Structures are given as structure tokens and as C-alpha cells.
Amino acid sequence: MAPMSTAVSMLLSLLAAALPHPAEAATVRCTDTIAAEAQVLNNGFGFNPSNTRHVLTGLHSGNVGRLQLARTHVAVGSQEKKGVPAVTDQVVYFSEGRDFVAANRRTGCEYWRQSADKRSTALVGGNAVRSSAIYHLPAHNGRKALVMGGDFYGTFYALDAQTGQLVWKAFLGTDTSRHFITGSPVVHQGTMFVPVATKEVITTVLDVLSACCSSHGMLQALDPYTGKIKWTYHTTANAVYDAKLGFKGPNGVSLWGTPTIDAARNAVVIGTAQNLSPPTTANSDAVISLDMSTGKVRWVFQATAKDTWNAACLMPKGLDGHCAVPGGKDLDFGAPPILATLPDGTQAIVAGSKNGVVYSLNPDTGALNWQQRLGVGSTLGGIHWGMAIDRQRVYAAVTDLWVNKLARLNVSNLIAAPGTLGADIHEEVGARPGIYALDLRTGERVWERHDTHESDGVRYNSMYSAALSVTNDVLFAGSLNGIVRALSTQDGQELWRADTAVATLDVHGVPGQGGSIDSAGPVPAGTDLYVNSGYKSFGGKNAYQAGEGNTLFVFRLP
């Protein structure tokens, strides 16, 4: 989404310490070499340029119940496990803290490990690879295969997929103190599209000496082999101070999610976030189609107007001066838009918002085909990280959970008196958490399920914030309490499940821990299922969330 695809999903990394590497002595090294031409089994946050989160694998309803844990990988020193892995027939490429890692898909031995730049300050902690997915660009026309991703400081890296050696790196943004990369890139016909977001949505609470807010999101189009910028789409003009409003603006409109390629229309489609303060713009909380060659706007569909929100809106009265009154609700499009092909061959852009609504749009004009409200919306969903589709249905996960995200930061005493931020977490009034299947043509509900779990003897609704995924007739979903499920796409019945909120010992003999499943969600590839477990942001461990963890689980058919 974002989701990372959503406006506040960097909370932990904002204040975490520099992340150490796993002990070299424990690492099992591979003895073979990586084949540049290995078949790609899954790649990128959306699994393909259309962002369908649908992939063909050897898993189906007849065998998914036999999935077994094959191994785990532990990110030592990390409190969260993020990023969709890229998987070839030979290698799984994934991130651990600030490291890019290449491991053998079958055995887990390690080919190479390469680190992002090590930087830290007193307030914002160490760097981390932040992209919602590691992207693999196959070898082509004599060009080396590359592995790519961006970090917390806005630097984007292209590595040799065989050796891990750096090919190029570049800062992709205009504000080195505020811009960073959370969304996965996508490559089409020699151009790579990278979404850029602003961490000022959080850091404005620390910037007490100046008015909110100065920065905005952007989409960078560049040469994937050199990093040379071809064009930039800025989501707003440069901010200026308005004495009457008391704010700088326009600003915000971050791009948290992965862009979608609409090749038939020579377009790239993005989802945007809210403004941070007034004045508001007509392209916030919107789906936007851009000309792929120039970055010029083709059309804009705005789902929620006049939404201004930043972390100061969570501060006690008297310390919330950077929050507009009345404030907004942070109802952005963190989940990537999906280019859907319907049974009759026509196409639509399908997008889910944190306002709890799924939209189907005409890809030529942006006109609304249909909309379906599933949740009531909140800063932690409605629809948070990502939906999935097949040829008949769209599948959406709804959270509708409110968390006072600032309350759990370990330096909250820098911005408020201890205890004044509270530690509240609750379902929104009228919340409708669950998993929904909609008819792709009409938006009508086909089925829905609403799971519950027990915590300290009390039943709670299970929340699904992570992106969903589909393969054949199986839908995979991971919940905030650490359960991963395989469901029938026909009726939502459970076919298999596993609890990841457990202690682990990985393939290198390193102990770790699972926790909440958020962000990337389950990733099927071949006869494997990859699940990142552990997420401390958005409230840590509580009745709804299993909390922090640092483990990549690999499940496999025997």
C-alpha cells in the first residue's frame, strides 16, 4: 500500500537504530553461481505490470492444504520484516534491514549480501531498504540482470543480480531530508517508474520552528540501466507560506504504492495520498493516469476531497499546531491501482482506498464504472496495502482499525509529556473488518468472511491490512495477529492456515520471531509460499496485532 504504501507506515524506521547484519559465521554460503537466465517465478509488489497480485504457480485448492514449513530467514536486529521478495527458479531476492540478500530458492544458502548506505542521526535512526518489493530486471539484449530497490533516505540502488555488486545508485527526489522510497518500481520497455513519498507526514511534529509543510510526492521515470532521469511528475507545485492560512502549501500527495502500466494507452497509473496541510489540491487521494512518454496528466479521479492530515493531528491540544482544523482522515490510495481485464475483454482500473471503498474506473477517461463500500475507513484501512484480482472477481481486505501511532514511539517524550499521547487502539465505529470478493464487472459482493481470534480470553475481530494474493483457485491472506490463510476463491472457505507469530530458528541457525503480517502479504511462487512476519508500526503487540518480528517464512509442498 502502502502501502510502504501508506502515509504513516515508516513510523518504526523513523526512530530505529542502525540495523546490524546477521553473524557471518552462521551464514551458509552457496557453492554454485547464479544463472542470469533463470526463469522468473514472481516479481514486484503487484507481481506484474498490471498489479493484479495474481500469479500462476503449482499451488491450487487440491494441494495447498499440504503446504509445510521448509525454512525461515531471520533479519537480525530488525523489528519488522518488509518487502515482497523477487523469486526466480534458482534464487529468492529479499531485503533484511538495510541489506539486499540473494539466497538459493531450494536450500536457503546465501549467494551474496549487499548493504544500503549506513547513515543515522540522533532523531531518525539508521537506514533501511524501504521499497515494498525487491524488483528483478531480467538480462536482456546483452544487459545484465539487475536487482533494485530504494531506501529510507531516498536513494535507489541497482545491483548486479549475479554478484550483488553495485551497478549504480542515485537519490530520487528533490529534498534529501524528507524524500524517501517506499513503493516498488516497475519497468516497461526500457523505462523504470519509481514512486517517491515524503516522510514529512511524520517529521513535521519535530519541526516545531517552521510552518507545515514543504515537500510533496513525485513519480520519477528513468533509465533502469543508468539511473538517468527521463521525466518527473510532481504531485504539487512547490510550497509557499500563506500567512492567512498559517501553513505552507500545496504539499503532500505522496506516492506510496507501485505504479501500474497501461501499455495499450501508453499510460502509467498511480494512486496518491492526502495533502499534509491547506491548501488542498484536486489530485490528492486520487487515481491519476499519466502519459508514459511525457508524464503529462491524462485524467484524475479524486475519491476524497479536502483531506489534510499529518502526525500532528495525533498530538494533544496545544501541540497540534501543524494539524489543520478541521483535519482530514488520511484516506489515501496506498494500495496500487490494478489494470483489470474483464471476461468480455474490456478493461478497467480497479482501486481500493483507505476510505473503505473499491472503485472501478474507465481507463480511457477515469469515469466511474461502479463503486462498492466495504469498510468505514481510517488511517489504518479501509483498504490498506493491496487487493488482488482474477478474471471474475476482485478481492479486498478491510482493516478499519484506529491506532494512536505516535503513542508507542520510544522518543515520544521529545514531543509530548510522557503518557499524554495515550496508547489507544480500537475498531472504528461501524467497522467491517474482513475479506471480500466482488464481481469484477459489477462490484456486487460474491462472498465475504469475518474471522475472529482470542486474546486473553476475549474474542476480537481479525484484521487484514496486508496485501492479498491469488494463484489459480486459491486466495492467500495474512492477518495482523500473525495467521496466514489459504482460501477458496469460489466461496472463501479456509483450505489451509499457519500461525507465524512464533519463535523461529532459521536456515543459518539464527533465532528469530514472527509477529504481525502486514505490508507485503503472502507471496506464492512455484510450489512455495513466502510470508514476511513481524510489524511493529501501527501499535506493536496488542489484542489485534501480534507485533514485532523479523522472520521470512518459506512454506513448500512436500
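This is a predicted model: local features need pLDDT of at least 70, side-chain atom pairs count only at pLDDT 80 or more; totals for chains, interfaces and linings use all residues.
Biologist: Let's start with a hairpin. How do strands β5 and β6 pair, and over how many bridges?

Modeller: Look at the direction of the two strands, then at the residues facing each other. Here β5 (residues 99-104) and β6 (residues 110-115) are antiparallel partners, joined over five bridges. For a landmark, take F100, which has Q114 of β6 opposite.

Biologist: And which residue of the hairpin takes a positive phi?

Modeller: That is G108, with a phi near 90 degrees; the hairpin has five residues between its strands.

Biologist: Now a sheet. In what order do the strands from β20 to β23 lie?

Modeller: The order is β20-β21-β22-β23, an open sheet of four strands with antiparallel pairing. The edges are β20 (260-262) and β23 (297-302); each has a single partner strand, so one side of each lacks a neighbour in the sheet. Ignoring direction, neighbouring strands are turned by 20 degrees against each other on average.

Biologist: On to aromatic rings. How many aromatic pairs are there?

Modeller: The structure has 14. Elsewhere, ring pairs join F152, Y153, F180 and W256 into a cluster.

Biologist: How should I think about the nonpolar cores?

Modeller: In soluble globular proteins, nonpolar side chains tend to be buried together. Here the largest core has 30 residues, and those with the most contacts inside it are M148, F156, M192, F193, L219, W231 and L290. Beyond its neighbours within four places in sequence, W231 contacts several residues, including F193, L219, V268, L290 and M292. Another core, of 28 residues, lies apart from the largest one, with A103, M463, F538 and V554 among them.

Biologist: Let me try single residues. Is T52 buried or exposed?

Modeller: Check the relative accessibility against the cut-off: buried means under 20%. T52 has 12%, so T52 counts as buried. This residue lies in the loop between β1 (40-42) and β2 (68-74). Not counting residues up to four places away in sequence, T52 touches G46, I338, L339, M387, A388 and I389.

Biologist: And where does V87 lie?

Modeller: In strand β3 (residues 86-88). V87 is buried, with a relative accessible area of 1%. Leaving aside neighbours within four places in sequence, the contacts of V87 include Q39, V40, L41 and N42, as well as A525 and Y530.

Biologist: How far is V87 from Q68?

Modeller: Their C-alpha atoms are separated by 19 Å, and the two residues are 19 apart along the chain.

Key: Residues are numbered from 1 along each chain as its sequence is written. Side-chain values use heavy atoms; hydrogens and water are left out. Two strands pair if DSSP finds at least two bridges between them. Rings of Phe, Tyr and Trp (its six-membered ring) pair if their centres lie within 6.5 Å; planes under 30 degrees apart count as stacked, over 60 as edge-to-face and the rest as tilted. Axes are lines fitted to C-alpha atoms, for helices over the stretch in contact, and angles run from 0 to 180 degrees between N-to-C directions. A nonpolar core is a set of buried Ala, Val, Leu, Ile, Met, Phe, Trp, Tyr and Cys residues joined through side-chain atoms within 4.5 Å. Buried means under 20% relative accessible area, exposed over 50%, partly exposed in between (1.4 Å probe, protein chains only). Contact means heavy atoms within 4.5 Å.
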